[in-house]
Amino acid sequence: MSVQSESTVTYTLQGSVGVAEISNPPVNAINRAVRSGLSAALDRAVSDPGAKALLIVSAGRVFMAGADITEFGGAAGGPTLQELEAALEAAPLPVVAAIQGMALGGGLELAMSCHYRIASPDAKLGLPEITLGLIPGAGGTQRLPRLIGAGHALDMMLSGAPISAAQGAERGLIDEVAAGDLREAAMVFCRRLVMEGQGPRPTRDLTVREALSDAVAAEALAKHARTIKGLTAPSLVVDAIKAASLPFDQGMRVEAKLADHSLELRESHALRHLFFAERLAGKTPGTSGDALAPIRTAAVIGAGTMGGGIAQAFADAGLSVILVDSEDAALKRGIETIRSNYAASVKRGRIDQPTADQRLGRITPSTNLADAGTADVVIEAVFEDMDIKKRVLRVLDALVPPERLIASNTSTLSVTELARATAHPRRFAGLHFFSPAHIMKLLEIVRGEDTAPQTLGVALQVSRVLKKIAVVANDGFGFIGNRMMLDGYFREAEQLMLEGASPGEVDSALERFGFAMGPQRVSDLGGTDVGTKARAQLYKRENRPDPYFVIADELTRLGRLGQKSGSGFYRYASGGRDALPDSDVSALIEQLAAQRGIVRRSIPEDEIVERCVLSLILMGARVLEEGIASRASDVDVVWTSGYGFPRHLGGPLFHADTLGLGSVAQRIRVYHSRYGHYWRPASLIDQLAAEGSGFVQWDQSRRRET
Ligand code: 3H9
């Protein structure tokens, strides 16, 4: 960044306390200017005869969000964070950090190199490096175990989740939780140190009370197994924390080596790619720059599974919601489901009863569609059927003032066609929520041909209010996610089963690849009928040649609807969730294959993975070529946050870059010559492969052009 260190960190003497204030909006990421500025401020305090203590404070809502991730891998310049921390720790006067908001990653590491820490009650302290595939590399693995013990330190580093100021105080990370104004409390704290003659208290001089044992490490790795699946960094964290029992400088050398290694890992590049991709996804060219009115109330039409979940998402976000359903019984069922969801959250200790009551109290049930007319935004979530939706939308359009957003929750229908059923298509957009809507992070925002920039802006505002990761898609068969799933991934899985792989073989192969759940288990969980119905809607838009979901549709026809009916691709013992192989399904698949003259064979695991993943990549390229998605990184966000693609591989298109587009293009050609149609090569992949380029570079060059 070009910001000068002089303006990024200011130094003032306030009585006997030198105050260094960091201001590097929006989150005080530690870049060269911050490091150089703090280093200069320290020098000034040390040479300032009036300064008896140095207080480090930050402007804004976040103390420090960590090292500036954009500097990784480049020549950063200025003192390194480790050098700065060593200088702070070695300072001859006491150095105090005053933490408001959040101290994350390098921000907390820097605070730990200060001699004392005071925090506001709402402060959060964490080392989230693991979520970026990294290990804390600025002394965190050495200082945190010295302050709070190796076991707690490992838990914080493996979870990546922050702890509260109160927890920090309890464990010895925070010296004081400020009552009242943090700055004032910090000044009082510093003056007290000076008065009492309390000098520097270097963390490096502490010893780790109990070295990290293999048993404790194994237990912690098992506890976090689900979230750290496929990552290398967790074992590096363990090694680094073990080294905290060595003399400090020796431990720091071990940490530096392991941290450098983590920076080079492909998975850390992938996770950093997703960090920025998720933030970029919500910034879409084509939204209006007009100031948007705050959204305080929402109306959700339809109290079924999706409508109820969407209403709950709004209530969780603190908004008043009117939940409308024309049928009283459906409305009562919907409210009951929401009530039991809240009861389950209370039981699991996620929220307390008063919070649950407050959230439920925000939802007002109504059987009168006219009540939607007063809401700031209206989300229609009635049955997924073009005619039914059009009928409801026409009525809503007449009731809701024309400048307000009306959105349809749809995963299949043409948003342009729905919009044109109304008199105001410009205020209309699609919102594809994922089930359960109050939990799933992804929101696909679908821009119809008439959607106005202002409307898109409001739809994005809805995603921010709901704290969802938004990706904007243009209107087309299945939008981004379902198009890739249906024409690519799930379809290929069906093809593999017709050719001889069992549902269990396909699922296990993809689960070993990193998907949370294989495609057949996903179908059984959601209900095979759900997919069949959705595809019936999609076929009205475009047809697909056979074989296309012939197994899943046949299972639906036979009433094998998945877990809910006790059988689907698998069978389930009564009330059980364990997917058991079913010889009836094998016989059915053999029959469907024979009808199509498909010769069955045993299919190796690597072929299963290659074909499913390549078909996903191919369809990802196709949605870019067709303009359904505007960035390759958006495709990656959709698949990692909505469809369980392993995050440590960065999404299908980042993974394609890792495989090398030359070899991707060549393998697609092999399958195209064998299977034709669905494997038609994508010219975008061919072009990038010929240029020796990749999807990440393609995104970058397009960004430069705009
Ligand atoms: C580290 O510290 C390594 C060390 O151990 C070793 C070093 C030697 N760098 O998320 P938001 C940008 S690794 C650069 O929308 P929020 C972000 O891209 C770091 N940029 O806000 C966005 O930019 P834009 C460990 C960063 O309020 C803007 O700030 N730390 C960084 O929803 C606003 O961000 C972490 O992993 C950064 N470190 O959430 C914490 N952080 O406006 C990463 C943010 O152009 N940060 N930006 O899109 C976060 O988790 C969230 O940003 C935070 C605020 C919770 C702080």
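1. Let's start with how α29 meets α30: α29 passes α30 in a left-handed crossing (left-handed if the near helix is turned anticlockwise from the far one by less than a right angle, right-handed if clockwise). Helix α29 covers residues 661-675 and helix α30 residues 683-690, and they pack at an angle of about 140° with their axes 8 Å apart. Axes here are lines fitted to C-alpha atoms, for helices over the stretch in contact, and angles run from 0 to 180 degrees between N-to-C directions. α29 and α30 are therefore oblique to each other; angles under 35 degrees count as roughly parallel, over 145 as roughly antiparallel, 65 to 115 as roughly perpendicular and the rest as oblique. Helices (H or I, at least four residues) and strands (E, at least two) are DSSP runs, numbered from the N terminus.

2. Before you go on, please keep in mind that this is a predicted model, in which local features need pLDDT of at least 70, side-chain atom pairs count only at pLDDT 80 or more, and totals for chains, interfaces and linings use all residues. Residues are numbered from 1 along each chain as its sequence is written, and side-chain values use heavy atoms, with hydrogens and water left out.

3. Which residues bring α29 and α30 together? From α29 come L661, G662, V664, A665, I668 and R669, and they meet I685, D686, L688 and A689 of α30; contact means heavy atoms within 4.5 Å. The residues of this contact divide into 7 nonpolar, 1 polar and 2 charged. Ala, Val, Leu, Ile, Met, Phe, Trp, Tyr, Cys and Pro count as nonpolar, Asp, Glu, Lys and Arg as charged, and the others, Gly among them, as polar.

4. Next, α20 and α21. The axes of helix α20 (residues 481-499) and helix α21 (residues 503-513) come within 9 Å and cross at roughly 135°, so the two are oblique to each other. The crossing of α20 past α21 is right-handed. Y489, A493, L496 and M497 in α20 meet P503, V506 and L510 in α21, a contact with 7 nonpolar, no polar and no charged residues.

5. For α6 and α9, the axes of helix α6 (residues 150-159) and helix α9 (residues 214-223) come within 10 Å and cross at roughly 25°. These helices are therefore roughly parallel to each other, and α6 passes α9 in a right-handed crossing. On the α6 side the contact uses G151, L154, D155 and L158, and on the α9 side V216, A217, A220, L221 and K223. These residues divide into 6 nonpolar, 1 polar and 2 charged.

6. Do have a look at α27. This helix is mostly covered, with 11 of its 11 residues buried (buried is under 20% relative accessible area, exposed over 50%, partly exposed in between, with a 1.4 Å probe and protein chains only). Among the buried residues are D634, D636 and W639. After α27 comes G644, with a positive phi near 75°.

7. D634 sits in helix α27 (residues 632-642) and is buried, with a relative accessible area of 1%. Leaving aside neighbours within four places in sequence, D634 is in contact with A281, V471 and V472. D634 and A281 are 353 residues apart in sequence, yet 5.8 Å apart in space, C-alpha to C-alpha.

8. Lastly, S366 belongs to strand β12 (residues 363-366). At 7% relative accessibility, S366 counts as buried. A polar atom of the S366 side chain lies 2.9 Å from the backbone nitrogen of N368. Not counting residues up to four places away in sequence, S366 touches I322, L323, V324, D325, L331 and D371.

Terms used: A polar contact is a pair of N or O atoms within 3.5 Å; within protein, one must be able to donate a hydrogen and the other to accept it, and residues adjacent in sequence count only if both atoms are side-chain atoms.
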